[in-house]
Amino acid sequence: MNPYEILLDNAYNDGMLVKEKPLQGSDGRIKGNKIAIREDMTILEKTCALAEELGHHETSVGNILDMDSVQNRKQERQARFHGYNRLIGLTGLIRAYEHGCTNRYETAEYLEVTEEFLEECISCYREKYGVYKIVDNYIIYFIPNLAVFKRI
């Protein structure tokens, strides 16, 4: 099963209804227990959009479309962070390293996300963790670039 199908199953099990529609202006929308995903995207793009919308389901309250509001921007960031953790996570970066991925293209392909989603994830992790983060026997550097090393 690909990640999009897994997310669709997760949504269904959480009582959510997901439909692909001809959306204008966004890749996904959520209202109550209904999620709309823009139909004219690749599977990888749909996967990333659905992960974010499920993040909204888990973390957001009310209508947050007005990005002039600090509170709405905070909720948007939380939903995206939830999506990044669901599809990539720090352990995903380690798995990609262990798999032999040497650049962002290979890493995104291995994790089955878009390069843009991976870039945004790394940027978010950089803001949260700073220069690096230690996870078990690994060091994940975010500055100056993404790099993963196994500690000896």
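Two rings of Phe, Tyr or Trp (for Trp, its six-membered ring) make an aromatic pair if their centres lie within 6.5 Å; planes under 30 degrees apart count as stacked, over 60 as edge-to-face, and the rest as tilted. With that in hand, a search of the whole structure turns up 8 aromatic pairs.

Before going on, keep in mind that this is a predicted model, where local features need pLDDT of at least 70, side-chain atom pairs count only at pLDDT 80 or more, and totals for chains, interfaces and linings use all residues. Residues are numbered from 1 along each chain as its sequence is written, and side-chain values use heavy atoms, with hydrogens and water left out.

**Rings**

Take Tyr132 and Tyr141: their ring centres are 5.7 Å apart and their planes sit at 45°, so this pair is tilted. Tyr141 also pairs with Phe149, this time edge-to-face, at 5.9 Å centre to centre and 75° between the planes. Elsewhere, ring pairs link Phe81, Tyr125, Tyr129 and Phe142 into a cluster.

| Residue | Relative accessible area | Class |
|---|---|---|
| Tyr132 | 41% | partly exposed |
| Tyr141 | 28% | partly exposed |
| Phe149 | 46% | partly exposed |
| Cys48 | 7% | buried |
| Cys101 | 14% | buried |

**Cysteines**

How many disulfides are there? A disulfide is a pair of cysteine sulfur atoms within 2.5 Å, and by this rule the count is 0. Cys48 is in none: the nearest cysteine sulfur, in Cys121, is 10.0 Å away. For Cys101, the closest cysteine sulfur also belongs to Cys121, but it is 14 Å off, which is too far for a bond.

**Helix α6**

Helices (H or I, at least four residues) and strands (E, at least two) are DSSP runs, numbered from the N terminus. Helix α6 has 15 residues (115-129), and at 1.5 Å a residue it should span 21 Å; its end C-alpha atoms are 21 Å apart, so the two agree. The expected span is 1.5 Å times one less than the number of residues.

Which α6 residues are buried? They are Phe117, Leu118, Cys121, Ile122, Cys124 and Tyr125. After α6 comes Gly130, with a positive phi near 85°.

Methods: Buried means under 20% relative accessible area, exposed over 50%, partly exposed in between (1.4 Å probe, protein chains only).
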